[in-house]
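The following report goes through the two chains in turn and then turns to the contact between them.

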Amino acid sequence: MKMKKVFETPYINQLLALVLLCIALSLLSERFLTFSNFLNIFKQSSVLAILAIGMTFVILTGGIDLSVGSILALGGVVTASLLAGGHNIVLAMVVGLLIGLVFGLTNGLFVSFFDLPPFIVTLATMAIARGVTLVYTSGYPISTLPETFNYLGMGKIAGFPFIILLTLITFVLFYFLLTKTSFGKYTYAIGDNKNAAILSGINVNLVLILVYSICGLLSGFSGILLTSRLGSAQPTAGFGYELDAIACVVLGGTNLFGGKGSLIGTMIGVLIIGVITNGLNILGVSSFIQQIIKGVILLLAILFSKRK
Amino acid sequence: MLEIKNINKSFGGVRVLNNINLSLTENKIYGLLGLNGAGKSTLVKIIISYLKKDRGTVTINGEEISSIRQALDCGIYLITQDLETLKETEVRDFLFLGKMSFLLKERKKAKDLLKELNLFPEQKMSTLTKYQRIMVELIRSDVFKAKWIILDEPTSYLGPRKTEQLFKELQKRKSKENGIILITHKIDEVFSTADVAIVLRDGKLVGISDAKECSRQTLIELMLGEEKLKICESEETTTGKDLLEISNLNKKGSFYDVSFNLRRGEVLGIVGLVGAGKTELAKSIVGYFKYDSGSMKVNGEDVKIKNVKSGIGEGVVYLTEERIMEGIFPQMSVMENMLISSFGGSITSIIKNNKLRERSMEWIKKLNIVCKDMDQRVLELSGGNQQKVLLARFMIMGKEIFIMDEPTKGIDIKSKEEIYELVRKLKEEGNGVIFISSDVAEVLRISNRTLVMSDGRIVAQCTSNMVKKSDILEVMFK
């Protein structure tokens, strides 16, 4: 009976998986279980965490957003090129965010007003955003960015990486939005039963547009952060990140068909993916094989969530 | 001979069927009665092996049934409650779906039978009415040479006339050596159609008897157990001020020239067959559908309702007839389900948990909702309790005009009584209630005035204490 209680604690499976992973990795490599490596994991996971926050909102409505990785890249290169052109940092970042917002808004409009399947809509915008990025940069990375900008991703506050702080603030903000506002409840409601949501007086189209806009905006934001962390913007950045973000959300216990899930779960999912990526890197597993492993994890996660 | 021995079944530790023993013979119609959650649907799903039983056996003429395929081959055919699946399939394909081989002769015969129903073999399943769908299922049962036909609450979505036609068809089949099991919670149907009444309560077989030998009262008592039924007195007419005035409302293909008023402190019943346009009318008034022409006044002032949100803003709230499809948020908690509409559709309201929890507790008590706690998922509640959660959502908004579409459809007698009581309370508080139902007896009992709708028009208007049920039925079929 007591054992049963333990297994009913929220996120217990995810937390167990995380702990087991950490134990296994610390046995496999002595470089894993160190304070600096853990800070590293958090730093590396920041970009993914912000993408996954937006993705959680979208998946809760029963949708999906495949365009996040491409929007990340576009937001990154546009901000970087403005900075390289000597423009004001704030201006450059605002433009990067706006680009994310506009793409998200477009996704939202097509999904809500035209009632098209999110999978196809965001597949299309994924191609468009990536294409624009490649045309805009002619395929070359943009580097030599101002020191102050790079501080976002590389700097520290009292020895604590600034990028982790930014991620935490983003998390708290959107956690509040999802759990403490009517907008958050509507997000769940739409994914759970769209018709009932309409009949409950919820402006479903508006909420959907906002949800996809949030996801786009956060994709742009994560693009800026990634650029700052690496000190340069790559046109191929964020390739395959949509898979990672979806994996985090699903690993975190969010129902892929909407209506159920949480941002706390997603954060645990981000840590699981972060630890796996970090561990595989330490163990010297090639990034090609890592792709295979992540794909398998996503499949297993969906299988597991379905069985529950 | 269909024999059911020692059937036991539990779902997650809850015993839903407890040692059921039945021995049924062909040539009879069995009325399987019971409240929601009594185990009726579970039992028949076990008979066809759709659900696995924990213990016991099902045999037909001595052969034990252990798979759906075998059940079908042995001639057991179940017509489920859920008739919405297979939308795009053509009728002719549906008829032979799951049949390994068939003769052209059979196809020809099926085609002729469809013709009798004015149906085309190429028609898509989604274009059929519920009644046609059941008839097609019956033809399919012939294709499979079924000896036993089980119908799971076919009449809960049929109007009285279609119900009668269906029963005639069943009688025909009975005389063709078929055995029929009819699940229902309408007692009158058992008296009018069945030879044997079987009553289930809380997963136990509590009564089986010749339908002609038992009284209405005993059946009700068997279904309810200890609970006693409350009968209410007839209602008076009201003279309150007009709360809602509808003038010449039109929507092509749905309803025409609808005009009526709803007074304060009044329950206005709307009866009509399925397809009479009641739901379309209700949904147009609340802003879910757009109407073509006409006007509406609330409290004497002209209003234009653009969508459900603005409808709520004007004080009009709607309880859907489709509890599962359009009502509940299954994965969300009881509390969230009750309070989702209480922000008036605003997207920027901040949620104050303590206050909301207090409010939910208050309504759970007020409506006597049976749940573990307010954080339990609505999915896990019984139909009657889900309906009460929806009623709470509807009443928490604090509006004055309540439109209830089939509020007692598919729920047990006890919950029904509680809903009638709520409607009465709403009325006494000076609100206006529009009570839409295809159950004439129910509408007459609960409402002050009754409108009869037929083919999209209001064909009669009457005060309840002046009319008899038969009069209304007559107007409905005119």
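## Chain A: burial and overall form

In this predicted model, buried residues account for 50% of the 308 residues in chain A. Of the contacts in chain A between residues at least 6 apart in sequence, 79% join residues that are at least 24 apart.

The secondary structure of chain A consists of 14 helices and two strands. Its radius of gyration is 19 Å, close to the 19 Å that the globule rule gives for 308 residues, so chain A is as compact as a globular protein of that length. Taken along the principal axes, the box filled by the C-alpha atoms of chain A is roughly 60 × 55 × 35 Å.

## A helix pair in chain A

Two packed helices are described by the angle between their axes and the distance between the axes. For helix H4 (residues 68-84) and helix H12 (residues 241-251) of chain A, the angle is about 125° and the axes are 7 Å apart. Because an angle over 145 degrees would be needed for roughly antiparallel, and 65 to 115 counts as roughly perpendicular, H4(A) and H12(A) are oblique to each other.

On the side of H4(A), the contact is made by A:Val68, A:Gly69 and A:Leu72, and on the side of H12(A) by A:Tyr241, A:Glu242 and A:Ala245. By class, the residues of this contact divide into four nonpolar, one polar and one charged.

## The six-stranded sheet of chain B

In chain B, six strands form an open sheet with mixed pairing, in the order E6-E7-E8-E3-E9-E10. Strand E6 (76-79) and strand E10 (204-210) of chain B stand at the edges, where each has a single partner strand, so one side of each is left without a neighbour in the sheet. Neighbouring strands of this sheet are turned against each other by 15° on average, direction ignored.

## Helix H8 of chain B and B:Glu221

Helix H8 (residues 216-224) of chain B lies across strand E3 (29-33), E9 and E10 of chain B, and runs at about 30° to E9(B). B:Glu221 has its place in this helix. With 17 other C-beta atoms within 10 Å, B:Glu221 is partly exposed, because the buried class requires 20 or more and the exposed class 12 or fewer. Between B:Glu221 and B:Lys204 there are 17 residues of separation in sequence and 14 Å in space, C-alpha to C-alpha.

## A hairpin in chain B

Strand E19 (residues 449-454) and strand E20 (residues 457-463) of chain B run antiparallel and are joined by six bridges. In this pairing, B:Met453 stands opposite B:Ile458 in E20(B). The hairpin of E19(B) and E20(B) has two residues between the strands, and B:Asp455 takes a positive phi near 50° there.

## Where chain B touches chain A

The two chains meet through 26 residues of chain B, which are in contact with 23 residues of chain A. On the side of chain B that touches chain A, the elements that give two or more residues are helix H10 (308-313) and helix H11 (323-327) of chain B. Divided by class, this side of chain B has 14 nonpolar, nine polar and three charged residues.

Key. Residues numbered from 1 in each chain as written. Chains lettered and ligands numbered in written order. Predicted model: local features only at pLDDT ≥ 70, side-chain atom pairs only at ≥ 80, totals over all residues. Pairing = 2+ DSSP bridges. Helix = DSSP H or I, 4+ residues; strand = E, 2+ residues; numbered from the N terminus. Rg over C-alpha atoms; globule rule 2.2 N^0.38 Å. Contact = placed C-beta atoms within 7 Å. Axes fitted to C-alpha atoms, helices over the stretch in contact; angles between N-to-C directions. Parallel < 35°, antiparallel > 145°, perpendicular 65-115°, else oblique. Nonpolar A, V, L, I, M, F, W, Y, C, P; charged D, E, K, R; others polar.
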